[in-house]
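Please go through them with the structure open beside you.

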Amino acid sequence: MSSSRPPLMETSENAASGSPDPTSTATRRSGRVVKVPRKFEPEGGPAASKRKRDHGQENDDDDENDLSDPPEISDPENGDGSGSEEGDVTPRPKKKTSRKAAKSNRQEKPAAKRVKTNGTLAGTVELVSRPKDARSQVAVEPGRLFAEIFGSDKPPTVVAEEWFSKYRQDEVASLTDFVNCILEAAGCDPSDEQLRLTEDDIRDPENAPNRLSELQSEHQEQNVTNYPLINKNARYFRRKLDTFLEALINIMHETERLYTDHTLIDNIIQWVGCLSDSTHRPFRHTATTVALALTTGLVRATAKLDERIKALSGNIETRKARGKHHSTIAAMQKDLDQTNSFREVCGNNHVQNFFEAIFVHRYRDVDPRIRAECIEALGHWIQILPTTFMEPQYLRYLGWVLTDAVASTRHEVLSQLLPMFKEQAENLSHFIDRFRARLVEMATQDVEVSVRVLAIEVVDAIREAGMLDPSDIDEVGKLLFDVEERVRKAVAGFIMSGVEEAYDGVVQEIGDDTVNEILGEEDKSFDEEQYLTPRRDWLRLKALATMLVLYENNLGEEPESDTSHRLDVAADIINSPAPESRVVLAAQALYEKVSDIPKWDILAGYLLFDHTASGAKVRSKTKFLPPDVLIKRKLAPEDHEESILLEVLEAAAKYSVQAKPKKPLKGRKGSEPPEQDMHRLLASIIPQLLSKYGADASTVTPILRLESYLDPNVFRQMGQEASPYSALLDGICTQFDRHMDKGVLSEVTRALRRACKYDHLEELVDSKVKTMWESTVHRLRYLDKICELSERGNLDEQSLTELSNVLSKISHLASLADPTDVLEAEGGEGDELSTSPVIELLVNVVHRGLYQEVDEDKDELEDEVVSFAIKAANFYFMWKVHSFSNAINLGNTVSSDDVDFVNSLRKTILRNLVHTFSSRTMNDEVRLYSCGTWCDLHVLFATSLRDAATQPPPAPVPDVGSSRSAQGKYANLEVLIEQIDPGLKPELMSILDHAEKDLAKRAGKVLASPEDDDEPISDDEAAPAADEEDIDEDLTAEEKTGAQLKAENMLCTLAGRYVLAILAKVLDASGPTSGKLRKRLRRNRTRLGNNYKEVVAFLDEGRARELVDTMKSKKEGPKKKAVKKNEKSEEMVIDDDDNTPEPENPEAEHADNEEEEPVEEGTEEDLRRRGLLDEEELEEPEEPEKNGEDRMDEDDDILGD
């Protein structure tokens, strides 16, 4: 590890109890003086960094209850905190030498070679060779302890009994096998004698540090990076190892050798302690695991002794009270004294020695796995022996690790705290007071989602114990609106508990008997039709609404208003449906936790109930109120609470109606109603909700979304086609006329478009839409009568807003069905209304886009009006071309008058669009939208009508008399197809330049240098782009990201329009500058992101065919490959295997092919009909199969493009 790594924890004067001084001696109870184990230090290297407590040892008793800040992380691998075992060790080839020779070599060349001086290596370091393959298992030879534990079928408890029997016969040999087992568990090869201890080594424990240093150097030379505790079977390996060690301690406890044989425990602590201080991670990790398992066994033995002491003490006190059996009391007292002495040896000596020698150093180890294992073991010790370990001097280690830098370690400490808080939170008040703020911080701000989820459960346990401050409750409650779904679901239980507490408080305030009398008992059942009847569930809904409003207000931010994106919506920059609100997402998280949310009909009844009729919202001048009035006041929701509950109703209906419940809901008689009854009930509730809450757009929007969860087929199956759904559509259409909000209009349009898909509702929807058209057109004609709609700046803000709303409604209605008849119809005679066709009014309104003078108060409204007019007119032209295409497919003639009328409108709107985008020097929404629509109209007419308009007369065909009459039949459509004026190409490239620079500035990208033949941009056009830097300075990081995504969307949309126009051969196809725009688009295709690159890639030759082949392979699958067609009519192409005779009646032939007319978008036939594939490319014969080398070259070319 590097020495520059910041410390994980900070230490204070109150450090954990450290190990005794290595130079000191201790007197055993037997009177024998032994040396305390000396800490292992690598030979030739600096001593491992450890906490020393010599200076404060005398004050340990005074500060053991202080939960101070943690000490810094310990890194025994690096000594002084520098170097790394993986990066600084120079591997050497393994040498087969004798132990004596090996010792002499090691003395000449020390093992520790990772010393740094002032951050630099003290010598040349060779490249580390490739590590050996990790050994998932070491060789398991029979007879060794390691082989018996992990290689045999014997249970670990049986192996422990056998080893202990061998230990009684030969202590040194058995202890040697035990330590070698630990070394094998650390990855040492048992066949290598230099990696094994001998009995002589065990007889000389004072030389343990030096002997282990030799083993470590030898093991490091082999460069083994894997060992059993970290391989794929680590969990199984550790479970067997822990079971063996705990069983061994239990056997020693039952035979009392644990308290009489001091040599065994002393030697184990000596060797395991030295290994745990090793700078070699496999040794240190394995030894720590062994030590923790041994300590767990000792703690279990101590717990058994405590139970025995308690039982003996109770028996003695009982017999003393009776005054009899003095001899029995004396024997029991002797047994009690012996047990107390055993308790002193096991709990105060052995456990403390392991804890102070190993745990206090390894819980802050540099390896997060070791830290996590230490915390896991401490949590087990607290559960097994709470009388000892549930004290501040032990609990503080859990609190310190809460600030660990690794998420898995923080997760582990929370896992240990959770059961403790649920069972014994009252005994942890000191700890909770000290670390409560940190736990709340982890629940609200931790970067790891899994840690936040677990921290929320821990904080919830503290709240249930009544030890959480109200401010912390509010802070955690706000997480219900978090962006992470797992966090929202985790806090759902927290919210549910708060709702129940509020409900219990209201019931206790009013009185349970009074509530039962007025609202009914808790388990009272109601019929489905009684959803408007007050009940106890309404009290919970009121508490839920109050809590949601409270937490939403605590967020400190208001939802973004609809007006902030009005122009973006109008210009189709934001054309996706509005995302689900944060309240809806919160309700979805609460659906499975709060039992009242799935009862969506009860929630609807609570909202539909007239709380004002009972005087619930009327203030009373009297101090005391009757119980019924008091309850109704407690039930009455506030205005903001009603809007919140409407969104909760949306989420509840979505889950309940679309998915069948698995079991009946509580509070209902009988089983869950059938699916059709649920749809019928919801369809009847929606109009009632619209009638009550239809005045406010914020409450109407979630109600309108409820319609999307209905299945209109249910009403047809029930034979109620008109009654329920007709009333529902009436209520929806009423909101269209009533509101000007863009969100409401979008939801109404979406509902009507969805209903249009069902044949049994088509007539019903047409009648509703016709009524909506009449009112909307009437208002537009009135505005045209009182003012000139084509001149910018002649309307006040109120009139502009009204005109914008009318045009917005027209654009929504035009997207539902063919509006050409309505838009082309002239108005009736009258003085109050205009008689001009609506489409002419729309085309004239586009002229308001001509930018002349700046008016900050009206410019945004003016641009919004122009955008909606462009959108509505564009829908008209698309529907008109669709009607022309249908006539061509059916062989019907197209009226020349109709074509002339459309051509006149086309020229006018194209001219107005050019005025709109050419009069602006800055790339605002309207400039880009008008330029894109201008390109789309050229592409629309060219790709849809070019084949029919330019179709040459067919050659004479025998027996087909109608072919001559079709000659020149659609030549009149050719006037609708024209090339884009090459003189406008500089303007188009100027718009592209601004869009590229805007994205490059926001994304921090560098554009390619302009070509020599590029025309320079004027100073007036370049100036606005430089001023935008001042605007971004005040934006937050999230707003800057949004602005970057918007700029990328605008650039890709504009480039896509250019690409389609080029492929349709209406742009950049002729003139002296032919191909210049294509070249300009490719200049920065590798510099502005993958989206822009993919858009421009369609200019490459063959990319369109590649798209076709890809879509065919994905969608058609094993189907027969379509036959390539030339420009011949589809009716004349007959498959060779088809024996069906050719129809004699051409009309019948058209009728037969009418069903086959629709083609899948993006297929080869679709691109050919739209003129996006060259005919020469289609007519190319299939080339013979190439050899492998040629195919490889071709693939390389494609990948390179």
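1. In this predicted model, Arg754 and Glu707 form a salt bridge in which the closest N and O atoms are 3.2 Å apart. Arg754 belongs to helix 32 (residues 742-755), while Glu707 sits in the loop between helix 29 and helix 30 (712-718), so the pair ties together parts that are 47 residues apart in sequence. Glu707 has a relative accessibility of 2% and therefore counts as buried, the cut-off being under 20%.

2. A second salt bridge joins the side chains of Arg705 and Glu650, with an N to O distance of 3.4 Å. Since Arg705 lies in helix 29 (residues 697-705) and Glu650 in helix 27, this pair ties together parts that are 55 residues apart in sequence. Both partners, Arg705 and Glu650, are buried.

3. Elsewhere, salt bridges with shared partners join Arg792, Asp859, Asp863, Arg920 and Asp924 into one network. Over the whole structure, the search finds 60 salt bridges.

4. Another arginine to inspect is Arg436, which is placed in helix 17 (residues 429-445). Is Arg436 buried or exposed? With a relative accessible area of 12%, Arg436 is buried. When residues up to four places away in sequence are not counted, Arg436 touches Met467, Leu468, Asp469 and Asp472.

5. For helix packing, consider helix 33 (residues 759-786) and helix 34 (residues 797-814), which pack at an angle of about 145° with their axes 10 Å apart. The crossing in which helix 33 passes helix 34 is left-handed. On the side of helix 33, the contact is made by Val769, Met772, Trp773, Thr776, Arg779, Leu780 and Leu783, and helix 34 contributes Glu802, Leu803, Val806, Leu807, Lys809, Ile810, Leu813 and Ala814. Taken by class, the residues of this contact divide into eleven nonpolar, one polar and three charged. In reading such lists, recall that an α-helix has 3.6 residues a turn, so residues three or four places apart point the same way.

6. In helix 15 (residues 392-401), ten of the ten residues are buried, among them Arg396, Tyr397 and Trp400. Helix 24 (residues 582-590) is also mostly covered, seven of its nine residues being buried, namely Val583, Val584, Ala586, Ala587, Gln588, Ala589 and Leu590.

7. Tyr167 lies in helix 4 (residues 156-169) and is buried, its relative accessible area being 2%. Leaving aside neighbours within four places in sequence, Tyr167 is in contact with Ser174, Arg257, Asp261 and Leu264. The C-alpha atoms of Tyr167 and Asp177, which are ten residues apart along the chain, are separated by 9.9 Å.

8. Glu256, in the loop between helix 8 (234-254) and helix 9 (257-260), has a positive phi near 65° and is partly exposed, with a relative accessible area of 29%. Asp1068, in the loop between helix 42 (1037-1063) and helix 43 (1076-1082), has a positive phi of about 60° but is buried, with a relative accessible area of 10%.

9. As to the whole, the secondary structure comes to 49 helices and four strands, and buried residues make up 49% of the 1201 residues. Of the contacts with a separation of 6 or more, 77% are between residues 24 or more positions apart. The accessible surface comes to about 58,800 Å², and carbon and sulfur atoms account for 48% of that surface.

Conventions:
Residues are numbered from 1 along each chain as its sequence is written. This is a predicted model: local features need pLDDT of at least 70, side-chain atom pairs count only at pLDDT 80 or more; totals for chains, interfaces and linings use all residues. Side-chain values use heavy atoms; hydrogens and water are left out. Buried means under 20% relative accessible area, exposed over 50%, partly exposed in between (1.4 Å probe, protein chains only). Helices (H or I, at least four residues) and strands (E, at least two) are DSSP runs, numbered from the N terminus. Contact means heavy atoms within 4.5 Å. Accessible areas come from the Shrake-Rupley method with a 1.4 Å probe; for residues, only the protein chains shown count as cover. A salt bridge is a side-chain nitrogen of Lys or Arg within 4 Å of a carboxyl oxygen of Asp or Glu. Axes are lines fitted to C-alpha atoms, for helices over the stretch in contact, and angles run from 0 to 180 degrees between N-to-C directions. A crossing is left-handed if the near helix is turned anticlockwise from the far one by less than a right angle, and right-handed if clockwise. Ala, Val, Leu, Ile, Met, Phe, Trp, Tyr, Cys and Pro count as nonpolar, Asp, Glu, Lys and Arg as charged, and the others, Gly among them, as polar.
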